[in-house]
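These are my notebook entries on a single chain. I set down what I looked up, in the order in which I looked.

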Amino acid sequence: RPRAFRLRRWMGEGRRQLIQAGTAEAIPVLVRRFLDYLDHHEAEFRLLVQQRIGSHPVFRRRIHHELSLAVTELGEDIQLVGGGAADAWLEAEAAAAILLGFGIQSLDVGGVSRRRREARLVAQLEMVVLGARRQLGVKIDK
């Protein structure tokens, strides 16, 4: 099975906590969940990334499918947390791109250094999610 299955399951296990949080609090919850995954499965994440861009088309398609499902599930969560955000799936795609990019960049820095960058990752996601909602005039609960 492609490594994206565990990433999707790991992130999904934190869905209830994400949904129970308000919009502003949901972002740090999402970031901590992703960093926990990286801390516990760094080698697996590395393999997932390698397989995602590797030469085997079956692996690439299966991983792409699982990552797409993860984005869809995150979009559903954003809809629940954001009270019907203008385009939850665009937010979910942007969040996933930021998280995966961060994961790739942090592969060689180790868990302690990765955790020092947590606030920066939260700020980047807030800029995308909260900034877009402010621009659209969507009320943000604190």
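Entry 1: I looked up the contacts of L38, where contact means heavy atoms within 4.5 Å. Not counting residues up to four places away in sequence, L38 touches F45, F102, G103, S106 and R114. I note here that the model is predicted, that local features need pLDDT of at least 70 and side-chain atom pairs pLDDT 80 or more, and that totals for chains, interfaces and linings use all residues. Residues are numbered from 1 along each chain as its sequence is written, and side-chain values use heavy atoms, with hydrogens and water left out.

I then asked which residues touch the most other members of the largest nonpolar core. L38 is one of them, together with L7, F34, F45 and L125, in a core of 31 residues. I took a nonpolar core as a set of buried Ala, Val, Leu, Ile, Met, Phe, Trp, Tyr and Cys residues joined through side-chain atoms within 4.5 Å. The elements that each supply at least two residues of this core are α1 (4-13), α3, α4, α5 and α7 (118-136). The largest share, 10 residues, comes from α3. In soluble globular proteins, nonpolar side chains tend to be buried together.

**Entry 2: the chain as a whole.** I counted 7 helices and 0 strands, these being DSSP runs numbered from the N terminus (helices H or I, at least four residues; strands E, at least two). The pattern along the sequence reads α-α-α-α-α-α-α. Of the 142 residues, 44% are buried; buried means under 20% relative accessible area, exposed over 50%, and partly exposed in between, with a 1.4 Å probe and protein chains only. Among contacts between residues at least 6 apart in sequence, 66% join residues at least 24 apart.

**Entry 3: L121.** I next looked up L121, which lies in helix α7. L121 is buried, its relative accessible area being 0%. Beyond its neighbours within four places in sequence, L121 is in contact with V31, I98, L99 and F102. I also recorded the C-alpha separation of L121 and I27: 9.4 Å, for residues 94 apart along the chain.

Entry 4: I used the term for a side-chain nitrogen of Lys or Arg within 4 Å of a carboxyl oxygen of Asp or Glu.

R8 also forms a salt bridge with E73, with the closest N and O atoms 2.9 Å apart. E73 lies in helix α4 and R8 in helix α1, so this pair ties together parts that are 65 residues apart in sequence. R8 itself is partly exposed, with a relative accessible area of 23%.

**Entry 5: R46 and D108.** How many salt bridges does the structure hold? I found 9. One of them joins R46 to D108, whose closest N and O atoms are 3.0 Å apart. R46 is in helix α3 and D108 is in the loop between α5 and α6 (110-116), 62 residues apart. R46 counts as partly exposed at 28% relative accessibility, whereas D108, at 67%, counts as exposed. Salt bridges that share partners join D36, D39, E42, R46, D108, R114, R115 and E118 into one network.

**Entry 6: the largest pocket.** I recorded a volume of about 210 Å³ for the largest pocket. On a 1 Å grid over the protein atoms alone, a pocket is an open set of points where a 1.4 Å probe fits, with protein on both sides within 12 Å along at least five of seven lines; lining residues have an atom within 4 Å of a point. Volume is the space filled by probe spheres set on the points, which are joined across faces, edges and corners.

Of the 14 lining residues, R52, H64, L67, A96 and L100 are the closest to the centre. Two or more lining residues come from each of α3 (23-52), α4 (57-81) and α5 (88-105), and α5 gives the largest share, 5 residues. I sorted the lining into 10 nonpolar, 2 polar and 2 charged residues. In that sorting, Ala, Val, Leu, Ile, Met, Phe, Trp, Tyr, Cys and Pro count as nonpolar, Asp, Glu, Lys and Arg as charged, and the others, Gly among them, as polar.
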